[in-house]
Amino acid sequence: MTTFFIKTFGCRVNQVESQALLEDFLRHHFTPAADFETADICVLNTCTVTHQADKDVEKLIRQILRRNPNTKLILTGCYAAAHRAHIREIFPTARIVGKYDLGRVLFDEEDLCWTVSGHEGHSRAFIKIQDGCDCFCSYCIVPFARTEKRSKPLADVLTEIKNLVQNGFAEIVLTGINIGNFCCPKTGADLAALCEEITKLPGNFRVRFSSIELQTVTDGIIRAMQNYPARFCNYLHLPLQAGSDPVLQAMNRHYNTAQYAARVADLRKNVPGIGIFADVIAGFPTETKDNFEETVAFIRAQKLAGLHVFSYSPRPGTKAAKLPQLPAEEIKRRAEILRALDKELRGQFAASFVGTEQTVFVEEYKEGQTRGLTSNFQTVFIENAPKDLHGLAHVKITHADANSCYGKVVPFTV
């Protein structure tokens, strides 16, 4: 039996790709190895979004080559795609394989369909509906690694959702590199059209969008969230990156603060209780102290539900990497301020739901506690839940702290 080992670095897209690859290995009768030291094939699904991500990948490569020199080492993903010459120089025995060549290299198949029947270790299921980005934000290496835009056929997405629901998944997350650019290669259907088809599927389940760019949140997507609140989560992760127009322009983002604020207002008007979270970068090279203060003020004004804070990391080959860089201690200081703001925002958002009733997706029972997730992405600890509670439950929120809500199961109301 040929044994295999998969290690995943980075984003949800990589995670769902690795799940699909795991299922393909098993379908072809390969055997999972206990660790990389005993595997005949090692596949590293890599990330290069930060300098630290590169270091993490290279550290594991060295360990594998030292402890299992006879393995067939395959590198795929963004680090592998963006740094081919560097990899060939320092790791000449590693094989670089593009995501869409893995089927041919591993299984003598033309292509992988990247579908999943579940998600190992997760209570929610993730579906990759789209790949690639050509926005070329000045700080981002991803378009150099995933330039080609592809979308899964609409019919395949619907079949995958139906199979996951039949396998017991009550929450399904649509993910991709830039999911708002979804375009069915057979029908031309966009993400809003896909949403309409999803509403026709049977079953008690809901759908969550992963991170989605502001300019791709169309009126049709908002209507789907508004008209089908039981099917689509009232949640969006809407990357901001900066709340200062000069910085957004230098970042080559495709909106300004007024457009971001207007879209947030549209969402709040049409999707009650929506949780809007955002990415924000601390210490972009052109960000002055005044620009940073503008970002903090803008985030407060938008009353966002929470932040994912990144400390700026120069990526070789991007335009921003060629600019004079801010001191590391100043980047760290700004990131700490933003992380404190994130904690404050999350606490305020959690407190706003005390006394309300929420539909909660039950994620796990662990150490005597049942934990779940509201539609708008609030963690809830359910105090009176039976151990076998699963799927979607109706919960009244009784109190909250800085990180979570707490509540009790109540009967569903018609």
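The structure is a predicted model.

**The sheet**

Three strands form an open sheet in the order β10-β11-β12, and their pairing is parallel. The edges are β10 (235–237) and β12 (306–311), each of which pairs on one side only. Between neighbouring strands of this sheet, the average turn is 15°, with direction ignored.

The pairing of β10 with β11 is parallel and rests on 3 bridges. Within it, L236 has I276 in β11 as its bridge partner.

How many residues of β11 are buried? The count is 8 of its 8 residues, and the strand is described as mostly covered. In a regular strand the side chains alternate between the two faces of the sheet. In β11 both faces are covered: one side holds the buried residues G275, F277, D279 and I281, and the other holds the buried residues I276, A278, V280 and A282.

Helix α12 (residues 289–302) consists of 14 residues. From its first C-alpha to its last it reaches 20 Å, close to the 20 Å expected at 1.5 Å a residue. The buried residues of α12 are N291, F292, T295, V296, F298, I299 and Q302. Why do they lie on the same side of α12? They lie there because they cover an arc of only 165° around the axis. The face of α12 turned away from the buried side carries the exposed residues K289, D290 and A301. The cover over the buried residues of α12 includes α10 (245–250), α11 (257–270), β11, β12 and α13.

A further helix, α9 (residues 219–227), has G220, I221, I222, A224 and M225 among its buried residues. Their cover includes α8 (191–198), β9 (206–209), β10 and α11.

**Aromatic pairs**

A search of the whole structure finds 17 aromatic pairs. A pair of aromatic rings is described by the distance of the centres and the angle of the planes. Two of the pairs are set out below.

| Pair | Distance of centres | Angle of planes | Type |
|---|---|---|---|
| F30 and F107 | 5.8 Å | 80° | edge-to-face |
| Y235 and F277 | 5.6 Å | 50° | tilted |

The F30 and F107 pair counts as edge-to-face because its planes stand at 80°, and the cut-off for that type is over 60 degrees. F30 lies in the loop between α1 (12–27) and β2 (31–32), whereas F107 lies in helix α5 (residues 102–107). The pair links distant parts of the chain, as the two residues are 77 residues apart. Both F30 and F107 are buried.

The other pair belongs to the sheet: Y235 lies in strand β10 and F277 in strand β11, so the pair ties together parts that are 42 residues apart in sequence. Both Y235 and F277 are buried. These two residues also belong to one aromatic cluster, formed by Y235, F277, F349, F353 and F377.

**Residues in loops**

Where does S375 lie? Its place is the loop between β14 (369–374) and β15 (379–382). S375 counts as buried because its relative accessible area is 12%, and the cut-off is under 20%. Leaving aside residues up to four places away in sequence, S375 touches R206, R208, F232, C233, N234, Y235 and T359.

The other two residues have a positive phi without being glycine. Q241, in the loop between β10 and α10, has a phi near 75°. K303 follows α12 and is found in the loop between α12 and β12; its phi is about 50°.

Is each of these residues buried or exposed? Q241 is buried, with a relative accessible area of 8%, whereas K303 counts as exposed at 61% relative accessibility.

Notes: Residues numbered from 1 in each chain as written. Predicted model: local features only at pLDDT ≥ 70, side-chain atom pairs only at ≥ 80, totals over all residues. Heavy atoms only, no water. Helix = DSSP H or I, 4+ residues; strand = E, 2+ residues; numbered from the N terminus. Buried < 20%, exposed > 50% of the residue type's maximum accessible area, 1.4 Å probe, protein only. Contact = heavy atoms within 4.5 Å. Pairing = 2+ DSSP bridges. Axes fitted to C-alpha atoms, helices over the stretch in contact; angles between N-to-C directions. Expected span 1.5 Å × (residues − 1). Arc of directions from axis to C-beta. Phe/Tyr/Trp six-rings, centres within 6.5 Å; stacked < 30°, edge-to-face > 60°.
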